[in-house]
Amino acid sequence: LVARYHGLGSRSKANIAAGQGLTLTIFLALLFGIPPWIYSEWLCEQLGAGPLVLQDATDYLSIMRAGTFTMFLLLHVTGVLRAVGNSVVTLILLGGSNVLNIVLDYWFIFGGFGLEPMGVACASWATVAARGIFAGFGLALLYRGFLGIRLRRFLWRGGMMWELLKIGVPSCIQWLVRMVSYLYILGFVAEAAPLAGAVVTDAQAAFGVGLRLDSLVLFSGSGWGAACATLVGQNLGRGRPDRAVRACWIALGLNMCMMLIFAGAFVLFADPLLGVMGFDLGEGVNATGVRDIGRTYLYVASAGYVFLGTALVLSQALAGAGATKFPLLIELVAYGAVGYPLTRWVAANADEFGLRGLWLSAVALHLAVAVAYLLWFRLGIWARKEIK
């Protein structure tokens, strides 16, 4: 909405959208933060955390969920800045947050400068604090009118909030569906590992490491998607759908090139990458077993990065146009109605397919989603989406 109004030259509406977005962000942070904080132990148990890791996992999750609002605020601030075409300050805020996170992680976990070592749970305190500090910097900039955007009109305004919800709720559910697909795969790993002749803790650790590397790919690809969403919103606001389409194809091409680089690097350097991720795995987890399973995961998962990148860019391009309902339908069908039963069946037959079958099913789903996005994008209906 900010990008569309910015393209229209309506600074007042862009300011209202930014302010109303902040109000909604705080509400959603409470909605998504409080229940997981209360039920942290139960959630960890449902995701297969055993006695060896349950307490640390619960402590970590409860702190992270209680501090959800810092992540949401940082995402809102950087989203507004990208919407008006500024990615440099966005990089400074996100990069600074990560650097500070690393410093605080080391200090909190291992101690020093008068602080006693505090262990795993304090890694979450480091993350929450780092995000909160840089979110505060960003909020201060926008409140003072940085780049012509002022955070104002925080009280609920029905018309603008309705526009935000119409676009944001489907997009929000869409991302939840994606994340839930990774979570149910993690749950099925515990079921499939014994059938495939693997140790459950080894398989879960390997999948966890693979997910962290996947997250690097996912969020790198989201950068191209965010740039595409901004250009789509601004160009549609200016009445130039042709330029919006051209921007999408350029962003898609650049993202696919980057995905191929990631895939090649993960295949060629699988063992060093798994080593760099660290194997201070603790009692009950075998580093050699984790590396063997993790190597297979990276070989298979990297084959789907181009498909994943295609879906990322086109889904955010459609969000930039305000067309978020059909993308939600695509991913609900793929990752929910088809993906869950498919993955469950593969896990139940892991004695035949092995853990590789789980990874291949995820790649097949990414391919199906990418094809659906390409077909819908080519129809061009999204470019005629009107926003009041």
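These legends describe close-up views of a predicted model.

**View 1**
I26, L30, I34, W37, I38, Y39 and W42 make a nonpolar surface patch of about 760 Å². Helix α2, residues 11-38, gives the most to this patch, with five residues. I34 is in helix α2. Its relative accessible area is 38%, so I34 is partly exposed.

**View 1. The largest nonpolar core.**
This core has 62 residues. V232, Y305, L355, L358, W359 and W382 touch the most other members. Helices α8 (158-195), α9 (200-237), α10 (241-268), α11 (270-276), α12 (287-301), α13 (305-320), α14 (325-348) and α15 (350-379) each supply at least two of the core residues. Helix α15 gives the largest share, 11 residues. Beyond residues up to four places away in sequence, L358 touches F188, V189, A192, T343, V346 and A347.

**View 2. A second core, and His76.**
A separate core of 24 residues includes A17, L74, V80 and L81. H76 belongs to helix α5, residues 68-83. The relative accessibility of H76 is 13%, so H76 counts as buried. Leaving aside residues up to four places away in sequence, H76 touches A18, G21, L22, T25 and L151.

R178 and E331 meet through their side chains in a salt bridge, 2.8 Å from N to O. This pair links distant parts of the chain: R178 is in helix α8 and E331 is in helix α14, 153 residues apart. The limit for buried is under 20% relative accessible area.

The side chains of E163 and K166 form a salt bridge, with an N to O distance of 3.4 Å. Both residues lie in helix α8, three residues apart, about one turn of the helix. E163 counts as buried because its relative accessibility is 8%. K166, at 32%, counts as partly exposed. The structure's count of salt bridges comes to six.

D242 and R246 form a salt bridge, and their closest N and O atoms are 4.0 Å apart. The two residues are both in helix α10, four residues apart, about one turn of the helix. D242 is partly exposed at 36% relative accessibility. R246 is partly exposed as well, with a relative accessible area of 46%. Salt bridges with shared partners join R240, D242 and R246 into one network.

**View 3. Cysteines without a disulfide.**
How many disulfides does the structure hold? The count is zero. C122 is in no disulfide, and the nearest cysteine sulfur, that of C44, is 16 Å away. A disulfide needs cysteine sulfur atoms within 2.5 Å. C122 is buried, with a relative accessible area of 8%. C172 is partly exposed, at 28%.

**View 4. Glu45 and Thr58.**
E45 sits in helix α3, residues 40-46. The relative accessible area of E45 is 40%, so E45 is partly exposed. E45 and T58 are 13 residues apart in sequence. In space, their C-alpha to C-alpha distance is 9.0 Å.

Technical notes
Residues are numbered from 1 along each chain as its sequence is written. This is a predicted model: local features need pLDDT of at least 70, side-chain atom pairs count only at pLDDT 80 or more; totals for chains, interfaces and linings use all residues. Side-chain values use heavy atoms; hydrogens and water are left out. Patches are made of residues with over 30% relative accessible area and no salt bridge: like charges are joined within 9 Å, nonpolar side chains (Val, Leu, Ile, Met, Phe, Trp, Tyr) within 5 Å. Accessible areas come from the Shrake-Rupley method with a 1.4 Å probe; for residues, only the protein chains shown count as cover. Buried means under 20% relative accessible area, exposed over 50%, partly exposed in between (1.4 Å probe, protein chains only). A nonpolar core is a set of buried Ala, Val, Leu, Ile, Met, Phe, Trp, Tyr and Cys residues joined through side-chain atoms within 4.5 Å. Contact means heavy atoms within 4.5 Å.
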